[in-house]
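Here are my notes on the model you sent.

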Amino acid sequence: MKQRVLTTRAALPGGGIARLASHAEVVAWPGTSKPEPRDLAELAKGASAVLALGNDRVDAALLDAAGPTLQVVALASMGYDAVDRDAAAERGVVVTHTPGVLAETTADLTFALILMARRRLGAARDSLAAGQWGLFRMDDYLGLDVHGATLGLIGYGQIGRAVARRSQGFGMRVIHHDPYAPDDALSTSVDLPTLLAEADVVSLHVPLVPQTRHLIGAAELAAMKPTATLVSTSRGGVVDEDALLRALRDGSIHSVGLDVYEREPMGEEPSPLVAEPHAVTLPHIGSATEATRAAMVDLAVDNIQDVLAGGPARTPIPGGAATPGQDRATPGQDRAPRPVGGRGAR
């Protein structure tokens, strides 16, 4: 009998699912909204693998619903904070993600957010679309320069380095804070207080782990320049959104560009940040190109096939198991940063 694989979406980019279906029985969540673990429990029974997206919650109850046949949870995502990793480890289930295939695409979007937020391009475009451009004024939609600015990268892994490379064309000075990354030809390593004080653009590139939850809160925002721009394409929980909203409204910082949020998706009740005139907000599309999304699904499928064939996973999550029952990190993968700025987990 073919092994059973549950996928949390009926349609995914590229040909990965068709390739998987040639060797396994693929069952898909048929709904049109984000599935919760309870929605997937019946479909998961007897599954050997689950292919999920980055914000699909995979908890102990869903792992137990699948039962002892479950060997691997493969995420078509670089982030893995929605998976109960302890519960997976206790059950000997491998958890994989998709590093390496989305860094350049996400860096493109990061730089787009930098340009849009600092130059107030979203507000200008909205005004034009609303028919409000009746007179050319020298003081309309004045933004701030990107060329020659100081870019501060919090987290200097695959995506952070890709953003640093793009900044060279704008003549930017680049600094970064990452306990694992020393100076290199593109960027100088600094402590967090120095980065917050000196950067004109602060861009976040860290995973969401206990040490980074609300890493950017009221104190960090107050430490930034009033002309600074905050950009995040990492995970929503890295930023305290209530504190960010206050900082935008009282002018503590100039602008923000966000692709990720504490609550995803938002549905009909979007975050108040979406309506802020100095905020550029996008619906988690950092990796959204045809080629990259297809490559993410392909890598997730590769991980499933390798594990079900008895081999090691290609890209297990950092600190996770490469094969069932093992606990082995993959060399060269980005690691979660140690507590930064002298602070512990929050």
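1. Start with arginine 4. Arginine 4 is buried, at a relative accessible area of 19%. That falls under the 20% limit for a buried residue. Keep in mind that this is a predicted model. The salt-bridge partner of arginine 4 is glutamate 25, with the closest N and O atoms 3.2 Å apart. Glutamate 25 sits in strand S2 (residues 24–28) and arginine 4 in strand S1 (residues 3–7), so the pair ties together parts that are 21 residues apart in sequence. Glutamate 25 is partly exposed, with a relative accessible area of 36%.

2. How many salt bridges does a search of the whole structure find? The search finds 20. Side chains of opposite charge can pair when their charged atoms come close. One of the pairs joins lysine 225 to aspartate 200, with the closest N and O atoms 2.9 Å apart. Lysine 225 lies in the loop between H9 and S10, and aspartate 200 in the loop between helix H8 (192–198) and S9, so this pair ties together parts that are 25 residues apart in sequence. Aspartate 200 counts as buried at 12% relative accessibility. Lysine 225 counts as partly exposed at 26%.

3. Two further entries concern charge. Aspartate 139 and arginine 137 meet through their side chains in a salt bridge (3.1 Å, N to O). Aspartate 139 is partly exposed at 46% relative accessibility. Arginine 137 is partly exposed as well, with a relative accessible area of 42%. Elsewhere, a network of salt bridges links Arg19, Asp298, Asp302, Asp306 and Arg314.

4. Now the sheet. It is open, and its 7 strands run in the order S8-S7-S6-S9-S10-S11-S12 with parallel pairing. Strand S8 (188–189) and strand S12 (279–281) are the edge strands, and each pairs on one side only. S8 pairs with strand S7 (residues 173–177) in the parallel sense, over 2 bridges. Histidine 176 has serine 189 in S8 as its bridge partner.

5. Which helices pack on the sheet? H7 does, touching strand S6 (150–154) and S7. The direction of H7 makes about 170° with that of S6. Helix H10 (residues 241–250) also packs on the sheet, where it touches strand S10 (229–232), strand S11 (255–258) and S12. The direction of H10 makes about 145° with that of S11.

6. S11 deserves a separate look. Both of its faces are covered. Ser255 and Gly257 on one side are buried, and so are Val256 and Leu258 on the other. S10 and S11 run parallel and are joined by 4 bridges. Leucine 230 stands opposite valine 256 in S11.

7. Is serine 167 buried or exposed? Serine 167 is buried, with a relative accessible area of 0%. It is placed in helix H7 (residues 158–167). Beyond its sequence neighbours up to four places away, serine 167 touches Phe111, Leu151, Met172 and Val174. Threonine 106 is in helix H5 (residues 103–119). Threonine 106 is buried too, with a relative accessible area of 5%. With residues up to four places away set aside, threonine 106 touches Ile159, Thr233, Gly286 and Ser287.

8. On the surface, look at tryptophan 133. Tryptophan 133 is in the loop between helix H6 (121–129) and S6. At 59% relative accessibility, tryptophan 133 counts as exposed, because the limit for exposed is over 50%. Leu128, Trp133, Phe136 and Met138 make a nonpolar surface patch of about 580 Å².

9. Last, the backbone. The peptide bond from glutamate 264 to proline 265 is cis, with omega near -15°. Proline 265 lies in the loop between S11 and S12. Arginine 120 is not a glycine, yet has a positive phi of about 55°. Arginine 120 is in the loop between H5 and H6, and counts as buried at 17% relative accessibility. Histidine 214, again a residue other than glycine, has a positive phi near 55°. Histidine 214 is found in the loop between strand S9 (201–204) and helix H9 (218–223). At 22% relative accessibility, histidine 214 counts as partly exposed.

Key. Residues numbered from 1 in each chain as written. Predicted model: local features only at pLDDT ≥ 70, side-chain atom pairs only at ≥ 80, totals over all residues. Heavy atoms only, no water. Buried < 20%, exposed > 50% of the residue type's maximum accessible area, 1.4 Å probe, protein only. Contact = heavy atoms within 4.5 Å. Pairing = 2+ DSSP bridges. Axes fitted to C-alpha atoms, helices over the stretch in contact; angles between N-to-C directions. Patch = residues over 30% accessible without salt bridge, like charges linked within 9 Å, V, L, I, M, F, W, Y side chains within 5 Å. Areas by Shrake-Rupley, 256 points an atom, 1.4 Å probe, with all protein chains shown as cover. Salt bridge = Lys/Arg side-chain N within 4 Å of Asp/Glu carboxyl O.
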